[in-house]
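Subject: Structure handover

Hello,

Here is the structure for you to look over.

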Amino acid sequence: MHLVCNIFNEKTCAALSQRKMEDTLLFVRKVTKMWKILNIKSMYAGSNLNDKERNVIRDPNDVRLGFLENIATSFKKSDNSTLGNRIRGFTSDTANALHQTLNGFVNLIKTLLNVHHQYVMPGSIQSDRIEGEFGILRG
């Protein structure tokens, strides 16, 4: 996670903007926003960090869920494997994995909100703790 945060963040966006690298800037901004939404682990992160993207999700019609659906579709369209060209695109496996994972998260969040959960923190739906424990046991 640490390496991802070193690339996909506001500082990188500012540097890309200064260098007029618009296509890369657009991609990094989208992934940074996606990461913020999926990494909400605290009830108060949005207010503490003054970042509305990090507020817990309370509504199945939240615009951030629409954003995740849109970026999932754009990742799927970035599958350039049939063209034999990976420039500005993903391999078929990566495109499919991103598309399915993001749509899965959106569907899970909507389901949780529709079955009487008051809010969802997507960052708490992951396996880091389990993987950490296995790492200790393998140790």
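Below are the conventions, then the pocket, then some individual residues.

This is a predicted model, so local features need pLDDT of at least 70 and side-chain atom pairs count only at pLDDT 80 or more, while totals for chains, interfaces and linings use all residues. Residues are numbered from 1 along each chain as its sequence is written, and side-chain values use heavy atoms, with hydrogens and water left out.

**Pocket**

The largest pocket has a volume of about 480 Å³. A pocket here is an open set of points on a 1 Å grid over the protein atoms alone, where a 1.4 Å probe fits, with protein on both sides within 12 Å along at least five of seven lines. Points are joined across faces, edges and corners, and the volume is the space filled by probe spheres set on them. Lining residues have an atom within 4 Å of a point. There are 22 of them, and the closest to the centre are Met34, Trp35, Leu38, Thr101 and Phe105. Two or more lining residues come from each of α3 (22–38) and α6 (92–114). The largest share, six residues, is from α6. Helices are DSSP runs (H or I, at least four residues), numbered from the N terminus. By class, the lining has 15 nonpolar, five polar and two charged residues. Nonpolar covers Ala, Val, Leu, Ile, Met, Phe, Trp, Tyr, Cys and Pro; charged covers Asp, Glu, Lys and Arg; the others, Gly among them, are polar.

Thr32 sits in helix α3. Thr32 is buried, at 7% relative accessible area. Buried is under 20%, exposed over 50%, partly exposed in between (1.4 Å probe, protein chains only). The Thr32 side chain reaches the backbone oxygen of Val28 at 2.7 Å. Beyond neighbours within four places in sequence, Thr32 is in contact (heavy atoms within 4.5 Å) with Phe8, Asn9, Glu10 and Cys13. At the start of helix α2 (residues 10–18), a side-chain oxygen of Asn9 comes to within 2.9 Å of the backbone nitrogen of Lys11. Just after α2, Lys20 has a positive phi of about 60°.

**Cysteines and Lys52**

Cys13 is buried at 8% relative accessibility, and Cys5 is partly exposed at 28%.

Lys52 lies in the loop between α4 (45–48) and α5 (63–77). Lys52 is exposed, at 63%.

Best wishes

Conventions. A polar contact is a pair of N or O atoms within 3.5 Å; within protein, one must be able to donate a hydrogen and the other to accept it, and residues adjacent in sequence count only if both atoms are side-chain atoms.
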